[in-house]
Amino acid sequence: MSTTAAPLAPQLDPYALAAELSGKHLIGGRLVASASGKTFDVVNPAKGEVMGRAGYGEAADVDAAVAAAVEAGVTWKALPARERGRLVAECGRLLTAHTEELARLVALETGKALRTESRVEAGVLADAFTFFGGLGGELKGETVPFNPKMLTLTVREPLGVVGAIIPWNVPMMLMALKIAPALVAGNTVVVKSAEEAPFAVLRACQIMAQVLPAGVLNILSGFGPECGAPLVAHPRVAKVTFTGSVETGRIVSRTAADKLIPVTLELGGKSPMIVMGDADLAAAVAGAVTGMRFTRQGQSCTAASRIFVHDSLHDAFVTALKAKVDAMVMGDPLDERTDIGTIVSPQQFDRVQGYIAEGKRTPGAAAHECSALPTDAALAKGLYVRPVIFTGMTNDSRLAREEIFGPVTCVIRFTEYEDVIAQANDSDFGLAATIWTRDLKTALDATQRLQAGLVQVNQNLVVQPNLSYGGVKSSGLGKEATLEAMLEHFTHKKTIMLNMA
Ligand code: NAI
Ligand code: MG
């Protein structure tokens with residue numbers, strides 16, 4: 001158990017919470033400084049001000065965290081599976097009591113609006129622990145009819161120490177989808193948070209450390225090469241689960257290949273949304289707003305960033321979509337009136353602006369800029385980018401091929417169904433896709449032919465526990481968020497034979 005005496009009380013002031021967590025990692029159930037004592041600045045992207053300093057994790061900290069996880073693993077994996085599940089579900093209960101606090105903290109560090117995004121994310125975080133906490137009893141094996149004289153059975157065993165590397169866009173939710181199943185399956189975990197968003201996930205782990213035995217869950221903050229790379233390379237780390245860019249995914253995967261350990265990769269996307277001529281226009285426009293994650297500044301791997309609209313609806317669709325996004329309020333992420341907050345970091349801001357500038361220079365393309373920048377002087381240094389709808393862009397342009405991770409979507413006109421299916425599939429990615437039509441045959445045909453891990457018809461729901469999540473092609477390897485994901489990616493199957501002759 002953690003050494004915290006009194007139960008943690010929710011702290012609704014995110015600045016105070018960031019100060020309290022500054023310079024710390026969670027190792028062996030305790031908040032500790034980096035071995036080197038070093039820290040790095042964490043900036044609130046809405047105001048451009050330093051909100052706290054995070055522990056600068058390096059190889060020595062990785063060693064300490066992995067050692068704590070190895071030690072804790074001995075008793076953790078020996079617990080009855082349902083008892084581990086009960087403790088994980090208890091984490092869900094505690095996190096539920098802290099959702100508002102966590103939502104405010106993640107809003108401050110990422111710039112995601114509290115009402116439209118951060119609160120939703122905090123809810124999914126808690127829900128993931130509740131969901132997986134109920135699955136302990138499902139870690140079942142089989143009996144195999146191999147030979148009547150040999151009792152042959154399989155059991156599911158944990159892999160050992162899991163290294164989980166997470167990004168900044170939905171840090172709490174993505175962490176939860178990795179660690180909740182890993183823990184229930186009997187593994188212990190070391191998380192490496194994203195340098196842009198270290199605090200909310202650290203707080204969530206500190207909350208969970210009140211019920212989890214010390215060392216079962218550890219979290220480090222730090223940069224990719226200095227902290228993420230040694231975690232992947234650590235000889236005692238038996239499995240790596242990663243969410244982030246394709247480029248970093250490849251680096252992680254190469255190290256894992258050298259060690260011959262399994263790796264799960266959730267990478268980027270360039271998800272197509274197809275609006276057929278018979279679609280419900282209003283529903284499709286609303287679906288484009290959710291699908292494109294305008295409330296998250298488009299910083300989503302499943303963002304509907306290529307919207308193919310039938311010629312007969314194209315102009316009406318663009319007009320209605322623009323009107324809807326125009327009505328969204330850009331502002332302080334902590335303000336309840338705000339729909340759209342900021343881009344997470346100056347690097348991402350420059351990247352997104354680069355794509356927008358390129359789009360504006362593209363012959364034949366038009367940029368429809370939506371909504372309005374906030375006028376509040378306190379937000380003058382905020383990393384605000386007005387959402388942009390491009391028209392006249394072709395599927396072979398860089399804006400339609402590369403993941404922008406910003407509030408930028410391309411609406412592409414089409415006339416023929418066969419052609420739009422071919423264009424939708426003509427992408428390096430294959431994470432998600434949607435089709436909007438009233439015709440059942442078209443809908444069914446598209447669900448069969450679209451190359452993606454998740455295909456939806458006439459809706460654009462976001463990722464949640466119990467829905468298998470993961471991509472094909474460059475979008476990744478492996479699935480998350482379900483019972484099967486827990487069994488396939490966080491356990492190995494051992495065969496046991498008893499000679500009864
Ligand atoms: P990234 O892939 O570099 O970072 C993700 C995580 O990996 C962070 O925790 C980072 O510290 C860590 N990391 C970086 N280098 C590493 C290394 N050598 N070894 C181990 N861990 C390492 O992504 P970044 O730089 O934050 O964003 C760049 C682009 O990646 C975005 O513009 C977006 O297109 C994409 N991205 C996709 C995400 C998704 O949900 N699929 C999430 C975040 C970014
Ligand atoms: Mg990077």
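Author: The shell around ligand 1 draws on both domain 1 (14-267 + 475-496) and domain 2 (272-464), with at least three residues from each. Please keep in mind that this is a predicted model.

Reader: How many residues surround ligand 1, and which are the closest?
Author: Ligand 1 is surrounded by 27 residues, and the closest are W168, K192, E195, S245 and E403.

Reader: How do the residues of that shell divide into nonpolar, polar and charged?
Author: The shell around ligand 1 holds 12 nonpolar, 10 polar and 5 charged residues.

Reader: What lies 2.7 Å from an oxygen atom of ligand 1?
Author: That is an N or O atom in the side chain of W168. In the case of Q348, a polar side-chain atom is 3.1 Å from an oxygen atom of the ligand.

Reader: And what about G224: which part of the residue is 3.4 Å from a ligand oxygen?
Author: For G224 it is a polar backbone atom. Taken alone, ligand 1 exposes 810 Å², and the protein buries 89% of that area.

Reader: Changing topic, which pocket does ligand 1 take up?
Author: Ligand 1 takes the space of the largest pocket.

Reader: Which elements give two or more residues to the shell?
Author: They are the helices α8 (224-233), α9 (246-259) and α12 (346-361), together with the strand β10 (237-243).

How values were computed:
Residues are numbered from 1 along each chain as its sequence is written. Chains are lettered from A and ligands numbered from 1 in the order in which they are written. This is a predicted model: local features need pLDDT of at least 70, side-chain atom pairs count only at pLDDT 80 or more; totals for chains, interfaces and linings use all residues. Side-chain values use heavy atoms; hydrogens and water are left out. A residue is near a molecule or strand if one of its heavy atoms lies within 4 Å of it. A polar contact is a pair of N or O atoms within 3.5 Å; within protein, one must be able to donate a hydrogen and the other to accept it, and residues adjacent in sequence count only if both atoms are side-chain atoms. Accessible areas come from the Shrake-Rupley method with a 1.4 Å probe; for residues, only the protein chains shown count as cover. On a 1 Å grid over the protein atoms alone, a cavity is a set of points where a 1.4 Å probe fits but cannot get out, and a pocket is an open set with protein on both sides within 12 Å along at least five of seven lines; lining residues have an atom within 4 Å of a point. A molecule sits in a cavity or pocket if more than half of its atoms lie within 2 Å of its grid points. Helices (H or I, at least four residues) and strands (E, at least two) are DSSP runs, numbered from the N terminus. Ala, Val, Leu, Ile, Met, Phe, Trp, Tyr, Cys and Pro count as nonpolar, Asp, Glu, Lys and Arg as charged, and the others, Gly among them, as polar. Domain bounds come from an automatic or database domain assignment.
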